Amino acid sequence: MTVPQAPGNQPSRHVTRALGWVALLVVVTLTCVGAVTVAAATATGTERILYALVPHPDDEFELWSFVEDDAATFPVFLVLTRGEQTQFCGRAFAKGWQPDLEPEPSTRPTGKWTGECRTARVDSLLSYMAGMSAEDPTIPGEFGTPRTVGPFPDEDGVTCRVNSASRTGPCEGARSAKVWEDVRGRGNVVFFDLGDGDLTEQEVTWALRTVRRHPEEFGIDPAMPEAGAVGAFASEHDGCFSYPHPDHVAVHRALANESFGLPFQAAATCADVSAGTVVRREVSQQAATSAFAVDADGTRTGAHTGSYGWLHEEYYPIDWDGQDELFTRPQWFWVRYTP
Amino acid sequence: MPGSRRRLVSLDALRGTMLVASVASNSLMHAPEWYEHARWAGVHGIDLIFPMFVTITGIGLGFALHRRVAPGTLARRAAVLFAAGLLYNAVTQWAFDLGTWRIPGVLQLYAAVVVVMGLLHLLTRSWIGWAAITLVLATAHTVILAATAVSCPGGLLTPACNPSGAIDQALFSASHIYRQGAAGHDPEGAIVVLGALVSASAGATAAHLLLAVRERVDTTGRSVAAAVVPLLCVAGASAGMSWLAIQVPAWVTGTPMLVMKRLWTAPFALAIAAGTILLLLGWHLLLDRVNTGRVLQGATYPLLALGRNSLLVYFGSHLLTSLLRRDFGGTPALLDRIWPVLGPQPQLAWSLLLVAGWTALAVLLHRKKVYLRP
């Protein structure tokens with residue numbers, strides 16, 4: 001059968017043609033709706049592990065847009081150091097902690113690199129997570145008794161922590177970790193101790209590989225599929241908030257240079273960074289407020305401002321619209337796809 | 001003969017050019033990573049070839065169906081392509097278990113493209129209509145991908161979270177798609193067919209525009225140069241739409257649309273279409289003139305011969321290479337036995353041998369006017 005070309009000038013032909021276009025648009029629309037429904041049901045139906053790599057316990061918000069309000073991800077916060085080098089554990093403690101405005105750290109730090117400093121910083125992060133979890137039930141925030149796991153193999157001898165300002169002295173192996181599991185199975189916090197201020201790309205690589213090689217020891221279901229890995233903010237140029245902190249840069253370099261075989265590897269960066277794929281995410285108004293709330297009288301009531309207030313002479317500010325601070329509501333990430 | 005009825009020699013030459021690239025690519029024993037198929041996002045060299053063929057198919061269908069549509073013929077072609085595709089899958093994977101027989105495939109994709117393009121030619125045979133169809137299909141594909149990405153971790157399309165994996169498994173079941181679903185997508189599945197239709201539609205737009213130009217040339221007597229501006233405009237519009245297909249999702253969701261072959265995204269399809277149309281324009285200016293010249297005719301004759309038997313050469317070369325590389329029951333693959341006798345540059349010799357062999361076959365068949373058509 002052959003369908004000849006129509007002259008196209010009779011009214012009935014116009015009507016037929018118009019109906020044909022309407023039919024096409026209806027079919028295409030229904031196809032779109034059906035496809036998105038099927039795909040979205042599958043996407044949200046499977047829980048996947050998201051590794052959130054933060055160099056110090058207070059960097060989590062830099063990648064918060066990747067973890068908030070998502071029941072389909074099982075976030076594993078890999079905190080790579082204990083943040084023991086902060087000046088606020090030493091002489092600056094009195095400047096940082098303002099007793100009338102913010103909670104006292106769980107343990108009074110007695111100096112940089114001390115056990116008290118480590119403990120105080122770890123507890124601040126757990127407090128932050130609990131605060132954020134109270135507003136967002138998908139965030140892990142109710143933790144059981146922590147477990148120490150390891151030491152894990154380090155065939156290449158890359159793990160080393162030097163506890164001194166001059167970066168000299170004995171190199172302590174740091175091949176163990178401490179694991180906090182959320183009692184409601186919403187995610188985990190893993191604390192490594194790889195050395196605040198001397199974290200290396202190789203150590204970050206080792207930490208992520210170690211967790212993936214020993215999932216059960218880190219409280220991760222080995223059968224659960226992986227979503228990807230995302231790192232905290234770093235920026236080595238002045239395009240936005242300049243933050244070339246070597247520990248942050250180490251996280252970026254590990255995620256950029258090493259292929260972990262994850263579906264994606266990403267890290268927070270400036271909007272104008274030159275990378276193949278740069279995505280913009282935004283922390284919800286509710287989560288940002290929950291983290292950075294400050295009362296009219298200056299009391300730090302937010303999970304971040306309160307828990308980490310003692311680590312800043314005032315409290316860490318947030319940029320609600322741009323990238324002029326370390327913590328921002330709009331967040332940009334470079335993405336590397338490495339299946 | 002009216003201009004619109006003359007065979008477009010440039011289209012055969014373009015097909016032939018792509019076939020040389022295809023046969024040569026397929027002959028590579030160890031292609032560098034930048035040339036092998038991109039594992040997910042991004043585009044590598046070999047990712048260009050098949051989508052260019054599909055764009056050329058769209059151009060060819062535009063010419064073939066601009067006067068009439070024969071549904072029976074189209075249905076027969078589609079059925080033959082689909083059946084041949086199933087057989088092709090089984091032979092290239094050497095897997096004949098009905099329980100795991102892969103249903104989607106390159107020939108099946110062609111079959112779907114032929115059917116849909118035929119049906120859409122019942123709706124419109126003007127370049128404006130086809131431009132609108134291209135826009136509608138590109139928008140639909142982008143909406144599906146972008147809306148799915150919103151539900152994915154980080155808003156990112158990955159092998160673990162994309163519509164192809166979900167839809168193709170729902171349509172065919174995991175055991176009947178690419179790598180039994182382990183790859184999380186099917187590079188010739190339903191979503192990819194929609195992307196291929198964007199390529200084919202862009203090609204059809206160029207074809208109908210070229211036809212309109214040729215109709216005008218018949219009355220005004222102008223040369224092939226009349227096609228330059230219109231085809232440049234189609235290529236430019238395709239490139240512009242490609243850019244928009246990347247950027248609009250970024251403006252709306254924050255995540256730009258990926259340019260990638262594995263999901264045959266709209267920006268990828270449209271960029272490939274732009275490039276293919278520019279190549280067509282080049283050959284059109286050279287070969288579709290009234291007086292082409294004997295030297296050029298002779299030099300391009302093998303390409304035209306290849307282009308006239310594109311289906312045979314494209315799939316035949318893939319099939320042959322697949323069989324030569326296959327290790328049957330512990331016996332070394334035939335190619336491994338041939339390799340040592342290919343001289344000091346075995347890869348170069350093998351590639352030249354294959355290209356020359358398929359070209360010779362195509363020339364022979366062309367002389368005898370034997371063409372493989374489903």
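Modeller: A disulfide here is a pair of cysteine sulfur atoms within 2.5 Å. In general, such a link is a covalent bond between the sulfur atoms of two cysteines. This is a predicted model, where local features need pLDDT of at least 70, side-chain atom pairs count only at pLDDT 80 or more, and totals for chains, interfaces and linings use all residues. Residues are numbered from 1 along each chain as its sequence is written, chains are lettered from A and ligands numbered from 1 in the order in which they are written, and side-chain values use heavy atoms, with hydrogens and water left out.

A search of the whole structure gives three disulfides over all chains.

Take chain B to begin. B:Cys152 is joined to B:Cys161, with an S to S distance of 2.0 Å. The torsion about that S-S bond is about -80°, so the disulfide is left-handed. B:Cys152 and B:Cys161 are both buried. Buried means under 20% relative accessible area, exposed means over 50%, and partly exposed lies in between (1.4 Å probe, protein chains only).

Now chain A. A:Cys89 bonds to A:Cys117 at 1.9 Å, S to S. Here the S-S torsion is about 85°, so this disulfide is right-handed. The pair links distant parts of the chain, 28 residues apart. A:Cys89 is in the loop between strand 3 (73–79) and helix 3 (93–96) of chain A, while A:Cys117 is in helix 4 (residues 115–135) of chain A. Helices (H or I, at least four residues) and strands (E, at least two) are DSSP runs, numbered from the N terminus. A:Cys89 and A:Cys117 are both buried.

Also in chain A, a disulfide connects A:Cys240 with A:Cys270, at 2.0 Å from S to S. Its torsion about the S-S bond is -80°, a left-handed link. A:Cys240 lies in the loop between strand 7 (226–231) and helix 6 (246–257) of chain A, and A:Cys270 in the loop between strand 8 (265–269) and strand 9 (277–282) of chain A, so the pair ties together parts that are 30 residues apart in sequence. Both A:Cys240 and A:Cys270 are buried.

Two further cysteines deserve a word. The sulfur of A:Cys32 has its closest cysteine sulfur in B:Cys152, 16 Å away, which is too far for a bond. A:Cys32 counts as buried because its relative accessibility is 11%. B:Cys233 has a relative accessible area of 49%, so B:Cys233 is partly exposed.
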